[in-house]
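Start with the view below.

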Amino acid sequence: MKIAYLINDMYGIGGTIRTVANQAAALSARHEVEIVSVFRHRATPSLPVPPGVTLRPLVDVRNHDGRTGAEGRPLYEGSELAGLPPVLFPPEDTRGSAHSRLTDRRLEEYLSTTDADVVVGTRPGLNIAIARAAPDRVVKVGQEHLTYDQHSEALRRVMAAEYPGLDAFVTVTEADARTYRRKMPLPGVRLLSIPNSVPAPPFTTHGHNSRTIVSAGRLAPSKRHDLLVQAFATVSEDFPDWTLRIYGRGSKRAALAKLVASLGLQDRVWLMGPHPHVEEAWAQGAFAAVTSSEEPFGMTIVEAMRSGLPVVSTDCPHGPASIIRDREDGLLVPNRSVPGIAEGLAELMADDQLRHRMAMAALAGSERFDPVNVVRRHEELFADLSGHPLTASDVAVHVPAPRAEPVPETRPSCRVRAGADGVVTLFFTEPPDLVELVRAGKRVTLAPDWRGQVVVDASQELLSSVTWDVMRIDGDRTTPVRDVEIHQHGFPLSPRRTDRLSLVLPSRSAKGNLLLHVRRSPHHAEVEHVESADGLITVQGRVLGREEADARARMVVRLGSSPNTMREFSAPVAQGGLFTAVVDPEAVVRGRHGDSEKWEMRLVLSDGTEHTVGRHLSGVVGYKKIIEYPAQNVHPDAGPGSRVRPYYTVNDRLGLVTSPLALTVEVEDVRVRPVGRGDRLRFVFRLAEPLPEGVECAVEVIRGTSAGQRHPLTPDGDRLSGVLPLLSRREYQGVEGLRASWQLRLLAGPAGALGQVKAKGVAEHTSRRWNHGPYVRSVTVAPLGNGDLKVTAADVHVWEAVGRRLR
């Protein structure tokens, strides 16, 4: 058979995308499989398309010139049809605003010309499009990847009217199938449940006790990661060596980061961002946590279990209870309950033997979700509906055992194994002639051994402590190493048991190329906790390989652009190597207020030995994007002041960044009037208080003619004034009935670092001036919600203006 999956966007990351990829991969062993993606928003998919499966996009949305149509719909591919709302795809679907008459046309063209025997939809809008437009010769199957209750009443009405045009409708849980049978009877449609499938990962945790909780999924409201963070906070003091890693992207990231900061958990709860190979993230954990308020199935639960992790999950509708066998391979805890989640976390954090027993049960029990088992049910359905009977070998029951190595067809071109000994080994399917590590003009060439393996050892003197691009050389051809599988094991390292810093940590670039991060230093102090509060910055950690105390150790803060400029703070080292440094931000910026600068930090012992200060032993790279500490504000007697914030450099070393402190002065009133012959506008801003000395002020044109230009203002006590030549452009000269508008932003601050001064609270004001001819030129200024100003200049006919005055 030829089977086609119709999906909204195969180029992103999400549960439906992974499910479709898994189904397609399993079916492609005996059938021709095509994935049709309505949208294409990037050159290559974020998740790899299975080998042997064709990917066909319908509408390319990568290049858009900014033009829009009805309801602000972007005119993708320059087509006017893209600006019109859809008819075939129901606007009641939550993705209706992204669809258009252009997507309708492409869907109709595909469905009317496809040679597929079976077409499978993967969301309500696409199921409806298939029911409406697919010809009778095609078997029409709709899949539900959410639940009945998650759809709006308006969409359910359309589904009830159109789904009878399908041949079959498949939910992922029997509970949801029962709901559909009760609330949306579909006569003549085969309605059944088939769970999602998850392939065995290339490696598992092997019971490694990493003291790490892993959670993965969209950072969306229904996933309730906020409850997970709050629950972890309640038990974190009882388990000080545990951390929580949350993988994913989504609309709630900013809110989660704010919550983490408010709880002071930046060093314990890490927002890792999305991961293209989530099985690599699961392998870093001791157990997984899923705290959704509703979960149609629970792909992340099965993925974690297949990687050898027990799962603590909320017992929400519908999926978790159909996957987890409570107290056998995981724990089901009360839905939407912080105390309940916290109790489940604490139970697994406290009991090594319980975690190990549940991990073994999770590995064995999750085999029922292997694609080989699940896809057989899809095959039987498709064959029955299409009249293509399966052979005896097709229907033979096959229960796979966990595999230690991937099958040859799915094996990546390079497998990367990184151990806690600081050595990375590259295993190539087809070994290159040479491997070259490249960084900013530096090159280190390595040769494969007799087995075709390349060993990268951090102790090699040629490997400086930077990030290296990995290239393979085949004859005269040099290409990046990509299509990689990364297995890190043995992390995080214990600072107490690590004598020196010598690590190679692998990762991928944004394009999927292999990167190797060398972390090496003869003397290193590992950061364990940073607190930025109450006007001070406190850094705590451990000096590697040191047991003796040193009461005279100090933290040296050195200006990056001028190493001779430094500040020193006491940082005593206790017995066992523990150190505590308290940095005074006011001392850091003294004499340097208003400057944007970066400062390096080094721990210097009393014997003069200088130690790098950073965070490396967890095996994670890129803390700059993961951890954000709050800034401390320093207010001098005069001038704008400074913000001092601890941050991690690109090499994961701890430093300080200083920047000008934004002004908090308020704008009380704004007046604008035409001057001269009406071709210039005079602005007067009245402030709540005079500006500090040394502050510069300007108005920037954000939108309208001359956008991007800045015009200086002159301060005079609590007033700022200036004449702006906004109407001096040639196209405004001699125009009768002129009308033009601009969005303007008031800026103030030290030279080179002006910040926005918001004007939300000012009243709208209109000023008029008699102009040549029968017109009065008026200028109106009004506040916008973001603190900018909208200024409109318009010519009004004299009699119209007089009439307004009389009214």
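Arginine 211 has 23% relative accessibility, so it counts as partly exposed. The model is predicted: local features need pLDDT of at least 70, side-chain atom pairs count only at pLDDT 80 or more, and totals for chains, interfaces and linings use all residues. Residues are numbered from 1 along each chain as its sequence is written, and side-chain values use heavy atoms, with hydrogens and water left out.

Now the overall layout. The domain assignment, with bounds from an automatic or database source, gives domain 1 (2-193), domain 2 (212-365), domain 3 (414-521), domain 4 (524-660) and domain 5 (664-803). The C-alpha centres of domain 3 and domain 5 lie 57 Å apart.

Helices (H or I, at least four residues) and strands (E, at least two) are DSSP runs, numbered from the N terminus. Packed helices come next. Two packed helices are described by the angle between their axes and the distance between the axes. Helix α1 (residues 15-27) packs on helix α9 (residues 299-306) at about 60 degrees, with the axes 10 Å apart. Axes are lines fitted to C-alpha atoms, for helices over the stretch in contact, and angles run from 0 to 180 degrees between N-to-C directions. The pair α1 and α9 is therefore oblique; under 35 degrees counts as roughly parallel, over 145 as roughly antiparallel, 65 to 115 as roughly perpendicular and the rest as oblique. Gly15, Arg18, Thr19 and Asn22 of α1 meet Met299, Thr300 and Glu303 of α9, where contact means heavy atoms within 4.5 Å.

Look next at the loop between β8 (212-216) and α6 (225-235), which holds lysine 223. Is lysine 223 buried or exposed? Its relative accessibility is 14%, so lysine 223 counts as buried. Lysine 223 touches Arg218, Thr291, Ser292 and Glu295, leaving aside residues up to four places away in sequence.

Backbone exceptions follow. Most residues other than glycine have a negative phi, and most peptide bonds are trans. Arginine 211 has a positive phi of about 55 degrees and sits in the loop between β7 (190-193) and β8. Arginine 224 has a positive phi near 50 degrees. A cis peptide bond joins proline 317 and histidine 318. Another cis bond joins phenylalanine 491 and proline 492, with omega about 0 degrees.

Note on methods. Buried < 20%, exposed > 50% of the residue type's maximum accessible area, 1.4 Å probe, protein only.
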